[in-house]
Amino acid sequence: MKEPEIRRDELLKYLFENQRPISGEKLAEKFEVTRQVIVQDIAIIRASGNNIVSTNRGYYLNEERTQKVFKVKHNDREINKELNAIVDLGGRVKDVIVHHKVYGEIKKDLNCSSRRDVKLFLEKMNEEKSKPLDVLTGGVHFHTVVAENEEIIEEIEVVLKELGFLIED
């Protein structure tokens, strides 16, 4: 049996890839768990900011389909500027990802879609006296950004470049 967090990540990916409702029974069968476990997983995935819709035919992810992963670098004092630039243009910062030489990919959901979300995230970092994940990689990190359309994604890319945060490979 898979670890719950890994199973939930795979469940979310499966729902994203399948754009039709899938019954709880079929999901339980696919992931080799009970239907009740699927119901609990769906609740946890929803709580992390993903819009999973429940219908009489099953579950589906009601997700914006335009997204892009940006490779960026900045110092800790510029997190606010970076995240607010993205959300101000209509983007949602879905996650932060770093590629560690030993541990591999480390990914954490952010789901920031407003200045309020950014403020709450930064307040929590300060309260917990935590450091951002990019301290592991010299400031280099990735964000998956989701938006309503490609034009917004392109505008976000331009602004990140103008701010000097975007790393182009």
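**View 1. The largest pocket and what lines it.** In this predicted model, 22 residues line the largest pocket, and Asp9, Leu12, Asp95, Lys107 and Asp109 are the ones nearest its centre. Two or more lining residues come from each of α1 (4-17), α3 (35-47), β3 (66-73), β4 (92-100) and β5 (104-112). The top contributor is α1, with six residues. Sorted by class, the lining has eleven charged, six nonpolar and five polar residues. The space inside comes to about 660 Å³.

A few terms, before moving on. A pocket is found on a 1 Å grid over the protein atoms alone: it is an open set of points where a 1.4 Å probe fits, with protein on both sides within 12 Å along at least five of seven lines, and lining residues have an atom within 4 Å of a point. Grid points are joined across faces, edges and corners, and the volume is the space filled by probe spheres set on the points. Helices (H or I, at least four residues) and strands (E, at least two) are DSSP runs, numbered from the N terminus. For the classes, Ala, Val, Leu, Ile, Met, Phe, Trp, Tyr, Cys and Pro count as nonpolar, Asp, Glu, Lys and Arg as charged, and the others, Gly among them, as polar.

Residue numbers start from 1 along each chain as its sequence is written, and side-chain values use heavy atoms, with hydrogens and water left out. As this is a predicted model, local features need pLDDT of at least 70 and side-chain atom pairs count only at pLDDT 80 or more, while totals for chains, interfaces and linings use all residues.

**View 2. The second largest pocket.** Here the space is about 290 Å³. Its lining has 18 residues, with Val96, Lys108, Asp109, Leu110 and Phe121 closest to the centre. At least two lining residues each come from α4 (79-88), β5, α5 (115-127) and β6 (140-147). This time β5 gives the most, with four residues. By class, the lining has eight nonpolar, five polar and five charged residues.

**View 3. Asp95, in strand β4.** Asp95 sits in β4 and is buried, with a relative accessible area of 2%. (Buried means under 20% relative accessible area, exposed over 50%, and partly exposed in between, with a 1.4 Å probe and protein chains only.) Leaving out residues up to four places away in sequence, Asp95 touches Lys107, Lys108, Asp109, Leu110, Phe142, His143 and Thr144; contact means heavy atoms within 4.5 Å. Tyr60 is 35 residues from Asp95 along the chain, and their C-alpha atoms are separated by 20 Å.

**View 4. Helix α3 and its buried face.** The 13 residues of α3 should span 18 Å at 1.5 Å a residue, and the end C-alpha atoms are 19 Å apart, which agrees. (The expected span is 1.5 Å times one less than the number of residues.) Ile38, Asp41, Ile42 and Ile45 are buried in α3. Down the helix axis, these buried residues fall within an arc of 105°, so they line one face of α3; the arc is that of the directions from the helix axis to the C-beta atoms. Their cover includes α1, α2 (24-31), β1 (52-55) and β2 (58-61). Just past the helix, Gly49 has a positive phi of about 105°.

**View 5. Helix α6, buried on one side and exposed on the other.** Buried in α6 are Ile152, Ile153, Ile156 and Leu160. They take up an arc of only 100° around the axis, which puts them on the same side of α6. Over on the other side, Glu151, Lys161 and Glu162 are exposed. Among the elements covering the buried residues of α6 are β3, α4 and β6.

**View 6. Two positive phi values outside glycine.** Glu32 isn't a glycine, yet it has a positive phi of about 55°. Glu32 is in the loop between α2 and α3 and is exposed, with a relative accessible area of 68%. Asn111 also has a positive phi, near 50°, but this residue belongs to strand β5 and is buried, at a relative accessible area of 14%.

**View 7. Asn75, in the loop between β3 and α4.** Asn75 lies in this loop and is partly exposed, with a relative accessible area of 29%. Asn75 and Leu163 are 88 residues apart in sequence, and 12 Å apart from C-alpha to C-alpha.
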